[in-house]
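Here is a short report for a first look at this protein. Keep the sequence and the 3D view open while reading.

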Amino acid sequence: MSNSNKLNVLLVDDHEVVRAGYRRLLEATPDIAVIAEASSGEQAYQDYFKYHPDVLVMDLSMPGMGGLEASMRILAKDSAAKILVFSVHENDVMLNRALDMGVLGYISKRSASQVMIEAVRQVAAGEVYVGQEMMSHVKVSSREFEVFHLLADSKSVNAVAQLLNLSPKTVGHHMTSIKSKLGIANVADLTRLAIRLGIITP
């Protein structure tokens, strides 16, 4: 495959050994090519407009201009930029800031090698990708997650109760718990969050 048929990736991390590891991982995949590497936000910004990669894989914590700042500047100049964040930060503040800015993907460095390839492909296709491990910091139980998914998909409390063989009262309890854990007020917010996390498609 020539590079023109591959997904071209710009890899940004201030640790050379980390870049080398991900370069090996990505280059071992027949449909992905790493066309450039950058070690800072400033360099990432310059290289993005120099190479126009299909996907920009961006670390957040770097000296100088951090990954969020660089992503924001790139998106301000090219709103179509497809950015995948991989970070040691597993918290909803960073995740939500990145997604609100227009970053398409967010995965944790803890799991990056398993999901990096899939995430790069999805982000290249313009789809939101949030690593499953990022859901865990929200501390939602698997049952609550099912309820969250169905309610966000505009199912009524009674319909969810029937589907999951629960009483409507139990679904109501789950719903209250989910809303307090995720800091949201109503089902409309729930749906918006689910769409932003790529759990349901609009």
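Y45 is partly exposed, with a relative accessible area of 25%. F49 is partly exposed too, at 21%. The model described here is predicted.

Y45 and F49 form an aromatic pair.

## A ring pair across the chain

How many aromatic pairs does the structure hold? The count is 4. A pair of aromatic rings is described by the distance of the centres and the angle of the planes.

Y22 and F86 make up one of these pairs. Their centres lie 4.9 Å apart, with 85° between the planes, and the pair is edge-to-face. This pair links distant parts of the chain. Y22 is in helix α1 (residues 16–27), F86 is in strand β4 (residues 83–87), and 64 residues separate them.

Are Y22 and F86 buried or exposed? Y22 is buried, with a relative accessible area of 12%. F86 is buried as well, at 0%. A lysine is found at the F86 ring: K109 lies over its face, 5.2 Å from the ring centre.

## The sheet

Strand β4 is part of an open sheet of 6 strands. The strand order is β2-β1-β3-β4-β5-β6, and the pairing is parallel. Which strands stand at the edges? They are β2 (32–38) and β6 (129–130). Each has a single partner strand, so one side of each is left without a neighbour in the sheet.

Strands β1 (residues 7–12) and β3 (residues 55–58) pair in the parallel sense over 4 bridges. V12 stands opposite M58 in β3. V12 also touches S40. S40 is found in the loop between β2 and α2. With a relative accessibility of 16%, S40 counts as buried. Leaving aside neighbours within four places in sequence, S40 is in contact with V12 and M62.

V160 is found in helix α8, residues 157–163. V160 is buried, and its relative accessible area is 0%. Which residues does V160 touch, not counting those up to four places away in sequence? They are V147, L150, L151, K155 and V171.

H15 lies elsewhere in the model. V160 and H15 are 145 residues apart in sequence. In space they are 47 Å apart, C-alpha to C-alpha.

## Helix α10

Helix α10 covers residues 187–196. Among its residues, L190, L193 and A194 are buried. They cover an arc of only 100° around the axis, which puts them on the same side of α10. What do the buried residues of α10 pack against? They pack against three helices: α4 (92–101), α7 (142–152) and α9 (168–182).

At the start, a side-chain oxygen of N186 reaches to within 3.3 Å of the backbone nitrogen of A188. Just after α10, G198 takes a positive phi of about 75°.

## The whole protein

The secondary structure comes to 10 helices and 6 strands. Along its principal axes, the C-alpha trace spans about 55 × 35 × 30 Å. The protein has 202 residues, and 45% of them count as buried.

How much of the contact set comes from residues 24 or more positions apart? Such residues account for 63% of the contacts with a separation of 6 or more. The Y22 and F86 pair, 64 residues apart, links distant parts of the chain.

Technical notes: Residues are numbered from 1 along each chain as its sequence is written. This is a predicted model: local features need pLDDT of at least 70, side-chain atom pairs count only at pLDDT 80 or more; totals for chains, interfaces and linings use all residues. Side-chain values use heavy atoms; hydrogens and water are left out. Buried means under 20% relative accessible area, exposed over 50%, partly exposed in between (1.4 Å probe, protein chains only). Helices (H or I, at least four residues) and strands (E, at least two) are DSSP runs, numbered from the N terminus. The arc is that of the directions from the helix axis to the C-beta atoms. Contact means heavy atoms within 4.5 Å. A polar contact is a pair of N or O atoms within 3.5 Å; within protein, one must be able to donate a hydrogen and the other to accept it, and residues adjacent in sequence count only if both atoms are side-chain atoms. Rings of Phe, Tyr and Trp (its six-membered ring) pair if their centres lie within 6.5 Å; planes under 30 degrees apart count as stacked, over 60 as edge-to-face and the rest as tilted. A charge sits over a ring if NZ of Lys or CZ of Arg is within 6 Å of the ring centre and within 35 degrees of the ring normal. Two strands pair if DSSP finds at least two bridges between them.
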